[in-house]
Amino acid sequence: MRKLNIFLFGCLTFAVSCKNSNSKMMKKEAPVAKKQPKELVKHDDVRVDDYYWMKDREDKEVIAHLEKENAYYAEMTAHTKDFQDALFNEMKGRIKEDDQSVPYKNNGYWYITRYEKGKEYPIYSRKKGSLDAAEEILFDCNELAKGHDYFNLGSFSISPDNRLAAFSVDTVSRRKYTLQVKDLNTGEILADKVENTAGNAVWAADNKTIFYTKQDDVTLRSDKVYKHKLGNVTTDDEVVYNEEDETFSAYVYKSKSKKYIIIACYSTLTSEFRILNTEDPDGEFTVFSPRIRGLEYGIMHYGNHFYVLTNKDNATNFKLMKVDEANTASENWKEFIPHRADVLLEGMEIFEDYYVLSERKDGLNHIKIVRWDGTDSYYLPFDNETYTAYVGSNPDFDTETLRYSYTSMATPSSVIDFHMGTKEREVKKEQAVLGGKFAKENYIEKRIWATARDGAKVPMSIVYHKDTPLDGSAPLLQYAYGSYGSTVDPYFSTTRLSLLDRGFVYAIAHIRGGQYLGRPWYEDGKLLKKKNTFTDFIDCSQYLISSNYTSPNHLYAMGGSAGGLLMGAVVNMAPELYHGVVAAVPFVDVITTMLDDTIPLTTGEYDEWGNPNEKEYYDYMKSYSPYDQVAAKAYPNMLVTTGLHDSQVQYFEPAKWVAKLRELKTDENLLFFDINMDAGHGGASGRFESLKEVAKEFAFLLDLEGKIE
């Protein structure tokens, strides 16, 4: 999917504005890309793509052009370099560098993730039996990252006997992970090594059998699940499942009960699972319930039953069903919690004596706790007008403690342990905000509602400093995503303070295409209703202007990945509303990408965007595709970013888009293209390196707003 880590890009808050935006910047010639017309023909429609040649990342001319763009960006923003450094130090100064996670218990060990002062990457450790026990270092990612421009420890999985760890590493940022095994007693890395995996691994009960997923070399679709026996040659590993449908992907995991290894197969609208007892790793996986197009379900195991979260029988907002583990086909599912038109059922967490439901009503999270024996049932109380609460990591089955997290746009994130029996609540950790300047009471947060052009009420979560005037003069950054049913909930960001403290208002628009107001909110913003996503965003912008939160001279928009598509669409549809737009790793060449099944992740997305091999979808996509709709007109100031190794939105989409914008736009506003030549979809991998990227973006935006210090 072209999904983006929304928390990452929500933190990369932007804003652009100013009457004299170019006054401090020396006039330089922007790079001009050569035109090499290529006709693209479909349904008797001819599109001419002058920049199709940029698709070859091995072409030296392509690399040279990208380097020219980077050089242009660096020269044009050189006067902000000192301010970038100041912003970086300011944001870094809010972070507790020697920080650590709240420990969680699993299979007799307490697991901890911690950071050391001045170091970029986490250290994973554990303590046996008690938090007073000696620390055992599992992985020091600072050591593993040495010699690499990019590093990511994808995941690690501990064997049932606690002796071995299967772990995966990506050093390119293309999400192609190398899987290895570490002996935790000796520190030895075993000879077992598998390239090009999806990054996850699952142990069978015998402590020597591992199940993992591999990806197609070209499309990067996770399509095959393998079984590996420790000590065997990995090239001889057995394929236990091959997903042949190109619109589906697969992954493997273990049930919380630890009784089953589960293969999940999924597309946008359809699910299917296969199960195997962990005690029988050489047995055959059995289908839980055969796939039926449009039937989505997820499974949780408890006792002798599975609990099934599903949209079966038109349960748009999902319901919970129960089935005996011996006969799991869908015709045997029995209703456990019925469908509710006003409540989206998002998840279930199972404990020995309780189950916990994650629900969403009117856009707000609710957590319901229920005893299996029916003697108690209640919701956790949350009082704020807008907030985010979610169930955290709870690997222990036999416990009465629920761990959950809570945050809001003005409230640092907290990790909370709640005793489900006594109803006692203990805050285990609240996110530290160092520097001595942050006080929650200095910020105002609220939820407001805009009326869309078709009458729908669109919510927005906003936050601003109490001293910021709401007379139309304040700069405002409007952020949204709006695809795949992914909900951008309101959350706290330490980096965002650098904008709020300089007078910015920040708004998250919960537009259609996300799932903030339930599953119908998503259904009304996809396929042939996709334009609702774009018009909702524009209508929210108009509401913010008419309500004096800001003005067109001070309104800025930001989105990444599929949210970058949103940015591309709104600047074509209503460029006059925005003084500046930031499009991060934007998915902007919709038709060409969706017609090319060699591009990673394409075929699995027909249920989200439509299949352009069908003329109805082709015509509709073309009517909003940002690259196809670029025209000779004025555009806002723009910053576009990408990563050369991006596997989700290929670098050449924004590269072509920027080239076409440079060719056709009639204004003299800024257009910058910043390419990370070492990273992919999520940008830099280190925690401080990523702050440098934010500092560059903030400096660009604050300069345009006339706020360089």
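## Strands β11 and β12

Strand β11 (residues 209–215) and strand β12 (residues 222–229) run antiparallel and are joined by seven bridges. Strands are DSSP runs of E with at least two residues, helices are runs of H or I with at least four, and both are numbered from the N terminus. Across this pairing, threonine 209 stands opposite lysine 229 in β12.

The model is predicted: local features need pLDDT of at least 70 and side-chain atom pairs count only at pLDDT 80 or more, while totals for chains, interfaces and linings use all residues. Residues are numbered from 1 along each chain as its sequence is written, and side-chain values use heavy atoms, with hydrogens and water left out.

## Packing of α7 and α8

Helix α7 (residues 531–546) and helix α8 (residues 562–573) have axes that come within 9 Å and cross at roughly 65°; axes are lines fitted to C-alpha atoms, for helices over the stretch in contact, with angles from 0 to 180 degrees between N-to-C directions. The two helices are therefore roughly perpendicular to each other (65 to 115 degrees).

The contact (heavy atoms within 4.5 Å) involves Thr533, Phe534, Thr535, Phe537 and Ile538 of α7, and Leu565, Leu566, Met567, Ala569, Val570 and Met573 of α8.

Definitions and conventions. Angles under 35 degrees count as roughly parallel, over 145 as roughly antiparallel, 65 to 115 as roughly perpendicular and the rest as oblique. Two strands pair if DSSP finds at least two bridges between them.
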